[in-house]
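Open the model in your viewer and keep the selection tool at hand. We will go stop by stop, selecting a few residues or elements each time and looking at what is there.

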Amino acid sequence: MLRLMTWLSLRLGRGASRVVLYAIAAYFLAFAPTARRMSRDYLRRVLQLPAPAAVGWRHLFRHFLCFASVIHDRIYLLNGRFELFDIRVHNQDLIDKVVADGQGVFLLGAHLGSFEVLRAIGRQQPGLRVAMAMYEENARKINAALGAINPKAQQDIVALGHIDSMIQVHELLGQGTVVGMLGDRSLGQDDTRAFDFLGDPAERTRLVLE
């Protein structure tokens, strides 16, 4: 399906191929009960509604359509169609200075934004290398998706949870690489702390950098 969507998107253009996204969102709305349940619970919290039943079909459809749109944008980002996007970098001089000195940069993400945009910026700057640190199962799925969207768009991935994972990250930083990682990931026995998030306690990994 990703290969088909990629083919349609690159040939029809971003605007015309977005029509297909409405069909995809409608499919999940009709035939994905688990996704509906999780979406309804999330939107109830975000919209501060009294109960999941107060979340209407329109809310769910827009939620699925938003998610589909993000995946759709990745097709163009991974195929070098950067002219379709208005990408603005703030405080880039902070990173440029460190990289110019031959040092690496460690970026901690919070599921806001897109690593594809970060890689797009990296590909536009000759000599800038971008790598991602993620857990192995996620890395396997991401690589499979990337292969379907653009087999040439391979990325540097460090699989976390192995005895040499941090050694690999350290070596990349020593080579002047920009290494990104999401901060809401943990392995089974990682040290965590509970914080209030959308009305319920959620565990957050305590990340210690030395």
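Seven salt bridges are found in the structure, a salt bridge being a side-chain nitrogen of Lys or Arg within 4 Å of a carboxyl oxygen of Asp or Glu. This is a predicted model, in which local features need pLDDT of at least 70 and side-chain atom pairs count only at pLDDT 80 or more, while totals for chains, interfaces and linings use all residues. Residues are numbered from 1 along each chain as its sequence is written, and side-chain values use heavy atoms, with hydrogens and water left out.

**Stop 1: charged pairs**

Select Asp73 and Arg14, which form a salt bridge with their closest N and O atoms 3.0 Å apart. Asp73 belongs to helix α4 and Arg14 to helix α2, so this pair ties together parts that are 59 residues apart in sequence. Helices here are DSSP runs of H or I with at least four residues, strands are runs of E with at least two, and both are numbered from the N terminus. Arg14 is partly exposed, with a relative accessible area of 27%. On this scale, buried means under 20% relative accessible area, exposed means over 50%, and partly exposed lies in between (1.4 Å probe, protein chains only).

Next, select Arg45 and Asp41. Their salt bridge has its closest N and O atoms 3.1 Å apart. Both residues lie in helix α3 (residues 33-47), four residues apart, which is about one turn of the helix. Arg45 is partly exposed at 22%, and Asp41 is partly exposed at 27%.

Is Lys97 buried or exposed? Lys97 is exposed, with a relative accessible area of 57%.

**Stop 2: aromatic rings**

A search of the whole structure finds four aromatic pairs. Rings of Phe, Tyr and Trp (its six-membered ring) pair if their centres lie within 6.5 Å; planes under 30 degrees apart count as stacked, over 60 as edge-to-face and the rest as tilted. Select Tyr27 and Phe28: their ring centres are 5.6 Å apart and the planes stand at 90°, so the pair is edge-to-face. Tyr27 is partly exposed at 48%, and Phe28 is partly exposed at 38%.

Phe64 is buried, with a relative accessible area of 13%.

**Stop 3**

Switch to a cartoon view and find the open sheet of four strands, in the order β1-β4-β2-β3 with parallel pairing. Two strands pair if DSSP finds at least two bridges between them. Which strands stand at the edges? They are β1 (105-109) and β3 (156-160), each with a single partner strand, so one side of each is left without a neighbour in the sheet.

Five bridges join β1 to the parallel strand β4 (residues 178-182), and Gly109 stands opposite Leu182 in β4. Between β2 and β4 there are four bridges in the parallel sense, with Val130 opposite Val178 in β4. Five bridges then join β2 to β3, which run parallel, and Ala131 stands opposite Asp156 in β3.

**Stop 4: inside β2**

Select β2 by itself. Six of its six residues are buried, so β2 is largely enclosed by the rest of the structure. Colour Val130, Met132 and Met134 for one side and Ala131, Ala133 and Tyr135 for the other.

To finish, select helix α6 (residues 115-124), whose buried residues are Glu116, Arg119, Ala120, Ile121 and Gly122. The buried residues of α6 pack against α4 and β2, where contact means heavy atoms within 4.5 Å.
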